[in-house]
Amino acid sequence: MYKPKKRFMQLAINEAIKGNKKYEKYPMGAVVVKGNKIISKSYNGLPNNKDPIAHAEILAIKLAAKKLKTRYLDGCVLYTTNEPCAMCSGAMVWSNMDGLIFGATTKDLENFWKKRRSEQTSKRKFIFIKAGDILKKSKPKIFVISGFLRSQCLKLFSLYDPNLRR
């Protein structure tokens with residue numbers, strides 16, 4: 001049984017904060033680790049680079065593959081501040097990762113967007129599918145630990161929406 005480490009999730013949280021300071025949007029962070037070694041880290045790159053797949057998880061996976069010089073990330077675990085979307089979960093499968101540890105859940109994010117409903121967000125498309133629903137179909141299985149440091153990850157939502165700051 002994998003025992004998640006606070007320092008890796010804290011690094012993902014720090015990445016989310018760093019990205020939010022740069023873009024003032026989408027405070028999400030991700031870290032890829034292998035054993036006790038940090039392979040890569042990233043924050044959400046969506047706001048300014050016009051790349052619709054520049055999620056923190058995708059960027060961290062791509063950086064890890066480049067650093068390890070392989071498309072297969074055997075033995076690697078992804079720490080992320082939010083439960084990955086369907087695309088990011090699929091990338092974990094295709095890159096052969098071993099595990100996922102996340103803080104805020106898909107339901108948390110769905111509730112956040114419902115509260116923020118505006119004309120802009122009402123026209124956006126969302127997919128609220130649990131990462132575990134995708135990852136449990138992978139072979140071999142990818143382990144999933146949800147809600148790790150969830151309360152700290154939920155606080156990141158307030159960086160995106162000033163109305164939630166306290």
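Which residue forms a salt bridge with lysine 136? The partner is aspartate 133, with the closest N and O atoms 3.7 Å apart. The notes below take up this pair again, along with other points from the model, which is a predicted one.

1. **Overall make-up.** The protein chain holds nine helices and five strands. In sequence order, the pattern reads α-β-β-α-α-β-α-β-α-α-α-β-α-α. Of the 166 residues, 47% are buried. The accessible surface is about 9,400 Å². Carbon and sulfur atoms account for 54% of that surface.

2. Take the contacts in the protein chain between residues at least 6 apart in sequence. Of these, 62% join residues at least 24 apart.

3. **Helix H1.** This helix covers residues 6–23. Its 18 residues reach 26 Å from first C-alpha to last, close to the 26 Å expected at 1.5 Å a residue. Its buried residues include Phe8, Leu11, Ile13 and Tyr23. Glu15, Gly19 and Asn20 are also among the buried residues of H1. Just past the end of H1, glutamate 24 has a positive phi of about 60°.

4. **The S1–S2 hairpin.** Strand S1 spans residues 29–34, and strand S2 spans residues 37–43. The two run antiparallel and are joined by six bridges. Two residues lie between them in the hairpin. Lysine 34 faces lysine 37 of S2 across the pair.

5. **General point on strands.** Side chains in a regular strand alternate between the two faces of the sheet.

6. **Alanine 64.** This residue sits in helix H3, residues 56–68. Its relative accessible area is 0%, so alanine 64 counts as buried. Beyond its neighbours within four places in sequence, alanine 64 contacts Val32, Ile39, Ser40 and Leu73.

7. **Salt bridge in H1.** The whole structure contains four salt bridges. One of them pairs lysine 18 with glutamate 15, with 3.6 Å between the closest N and O atoms. Both residues lie in H1, three residues apart, about one turn of the helix. How does burial compare across the pair? Lysine 18 has a relative accessible area of 43%, so it is partly exposed. Glutamate 15 is at 5%, so it counts as buried.

8. Lysine 107 is partly exposed, at 45% relative accessibility. Glutamate 110 is at 18%, so it counts as buried; the cut-off for buried is under 20%.

9. **Back to the opening pair.** Lysine 136 and aspartate 133 form their salt bridge at 3.7 Å between the closest N and O atoms. Are these residues buried or partly exposed? Lysine 136 counts as partly exposed, at 48% relative accessibility. Aspartate 133 is partly exposed as well, with a relative accessible area of 35%.

Conventions: Residues are numbered from 1 along each chain as its sequence is written. This is a predicted model: local features need pLDDT of at least 70, side-chain atom pairs count only at pLDDT 80 or more; totals for chains, interfaces and linings use all residues. Side-chain values use heavy atoms; hydrogens and water are left out. Helices (H or I, at least four residues) and strands (E, at least two) are DSSP runs, numbered from the N terminus. Buried means under 20% relative accessible area, exposed over 50%, partly exposed in between (1.4 Å probe, protein chains only). Contact means heavy atoms within 4.5 Å. A salt bridge is a side-chain nitrogen of Lys or Arg within 4 Å of a carboxyl oxygen of Asp or Glu. Two strands pair if DSSP finds at least two bridges between them. The expected span of a helix is 1.5 Å times one less than its number of residues. Accessible areas come from the Shrake-Rupley method with a 1.4 Å probe; for residues, only the protein chains shown count as cover.
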